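The sequence and the model are shown first.

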Amino acid sequence: MATERRRRHRGHGEGTIVQRSDGRWEAKIDLGYINGKRTRKSFYGKTRKEVAAKLAKALREHQQGLPVASERVTVAQYLESWLQAIEPTVRPKTYAGYESAVRVRIVPRIGRRQLAKLAPLDVQRLYADLEEAGLSKRSIYHTHRVLKRALKQAVKWDLIGRNPCDGATPPRPERSEMHPLTQAEANQLLSAARAHPDHALYVLAITTGMRQGELLGLQWADVDLEAGQLRVRRALQRQRGKGLVFTEP
């Protein structure tokens, strides 16, 4: 275990700097009693100089009466703030997937845990609980990716020192072998659908590989029959609370 170097101060509103056993540095500020509870805030960094600068900034803000984020924030509270922060930066469908994983799978199981105390074992138990509940390995792995991305941001925001997901192992989804149509099967499908109103849609699906949303988003202005060209300019998606909307492909 590495030798710990400490700088101590007395009284609340001051701080300490400690080199942890893993080699990283941690600075703590004592905010005194808030709502009857002793409150502290930690900052992490690779060097003593780095955490000393963060501690000095936090001390100035505290002395000026500015709020300093409490280490007692829960996983649920943090994830709510994270979702609000990333919503303008991702596609609506991507955000909907993140929000659903947080609301349905993560928060009901570990939402009450303090963010600063969330450990790899807690995350590993989350995956085990989801598997026991009958969730597929692919869905659990998606949950892992969402949580890992959220906690990676928490590290960048100096809310935690390391990402607990790095110490947990999610189940790997099994790769399913694809079975594309043969030439004969494709011809049979198109022949059977020849009288169907959406026959042209099936032709485009088989011959171009376009996604369903891209196919449904096509307009006549996107097609140049003389030049034999088609441009994919939009996709049709069903979004929660909005219904069917056009988005960028």
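The model is predicted, so local features need pLDDT of at least 70 and side-chain atom pairs pLDDT 80 or more, while totals for chains, interfaces and linings use all residues. Residues are numbered from 1 along each chain, and side-chain values use heavy atoms, without hydrogens and water.

| Helix pair | Angle between axes | Distance between axes |
|---|---|---|
| α3 and α5 | about 90° | 10 Å |
| α2 and α3 | about 175° | 10 Å |

Contact means heavy atoms within 4.5 Å. On the α3 side, G97, Y98, A101, V102, R105, I106 and I110 meet S139, H142, T143, V146, L147 and R149 of α5. This contact has seven nonpolar, four polar and two charged residues.

α2 (residues 75–86) and α3 (residues 92–110) are roughly antiparallel (over 145 degrees). Here V75, A76, L79, W82, L83 and I86 of α2 meet Y95, Y98, E99, V102, I106, V107 and I110 of α3. By class, 12 residues of this contact are nonpolar, none is polar and one is charged.

Within α2, the residues V75, Y78, L79, W82, L83 and I86 are buried, that is, under 20% relative accessible area with a 1.4 Å probe, protein chains only. They cover an arc of only 135° around the axis, which puts them on the same side of α2. Their cover includes α3 and α5 (137–156).

Terms used
Axes are lines fitted to C-alpha atoms, for helices over the stretch in contact, and angles run from 0 to 180 degrees between N-to-C directions. Helices (H or I, at least four residues) and strands (E, at least two) are DSSP runs, numbered from the N terminus. Angles under 35 degrees count as roughly parallel, over 145 as roughly antiparallel, 65 to 115 as roughly perpendicular and the rest as oblique. Ala, Val, Leu, Ile, Met, Phe, Trp, Tyr, Cys and Pro count as nonpolar, Asp, Glu, Lys and Arg as charged, and the others, Gly among them, as polar. Buried means under 20% relative accessible area, exposed over 50%, partly exposed in between (1.4 Å probe, protein chains only). The arc is that of the directions from the helix axis to the C-beta atoms.
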